[in-house]
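Biologist: I should like to learn how to read the features of a protein model. May we go through one together, step by step?

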Amino acid sequence: MARHRDGKLIINPDGLRSKAPILPAPSTKRWVIRRKAQVVSAVRKGVLSLEEACDRYMLTADEFAAWERAIDEYGLAGLRTTRLQHYRACRDRSHPLDQRRP
């Protein structure tokens, strides 16, 4: 059973223990839901630091934070780029300042 350099077990996103973390290739250009979730999971479990993830995948801290917020607020479906406008519209409609409009 593999352990991270800090002694933590490495567990795949599906919950199975693995001998190596399943991470997207550093050359990844197409960010599908599964790959985004793998990176977020690796950072949250301590397999990668935020800095390592940003350097490895050429991400900004803001972009990574947006992935985390999407997962926390909407689950994995929140990582779909096609749904961003829908989620933003729903959030904006419930914003208190929108209530003052006639």
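Modeller: Let us begin with the order of the elements. From the N terminus on, this protein runs α-α-α-α. The model is a predicted one.

Biologist: How many helices and how many strands does the protein have?

Modeller: The secondary structure consists of 4 helices and 0 strands.

Biologist: How does one check the length of a helix such as α1?

Modeller: One compares an expected span with the distance between the end C-alpha atoms. At 1.5 Å a residue, the 12 residues of α1 should span 16 Å. The end C-alpha atoms of α1 are 16 Å apart, which agrees. Just after α1, G46 has a positive phi of about 85°.

Biologist: Which residues of α1 are buried, and against which elements do they pack?

Modeller: A residue counts as buried when its relative accessible area is under 20%. In α1, this holds for K36, A37, Q38, V39, V40, S41, A42 and V43. The buried residues of α1 pack against α2 and α3. Across the protein, buried residues make up 29% of the 102 residues.

Biologist: Which residues touch the most other members of the largest nonpolar core?

Modeller: That core has 17 residues, and those with the most contacts to other members are V39, L48, Y57, F64, W67 and L79. The elements giving two or more residues to this core are α1 (33-44), α2 (50-57) and α3 (61-74). Of these, α1 gives the most, with 5 residues.

Biologist: What does L79 touch?

Modeller: Leaving aside residues up to four places away in sequence, L79 touches I33, K36, A37, W67, A70 and I71.

Conventions: Residues are numbered from 1 along each chain as its sequence is written. This is a predicted model: local features need pLDDT of at least 70, side-chain atom pairs count only at pLDDT 80 or more; totals for chains, interfaces and linings use all residues. Side-chain values use heavy atoms; hydrogens and water are left out. A nonpolar core is a set of buried Ala, Val, Leu, Ile, Met, Phe, Trp, Tyr and Cys residues joined through side-chain atoms within 4.5 Å. Buried means under 20% relative accessible area, exposed over 50%, partly exposed in between (1.4 Å probe, protein chains only). Contact means heavy atoms within 4.5 Å. The expected span of a helix is 1.5 Å times one less than its number of residues.
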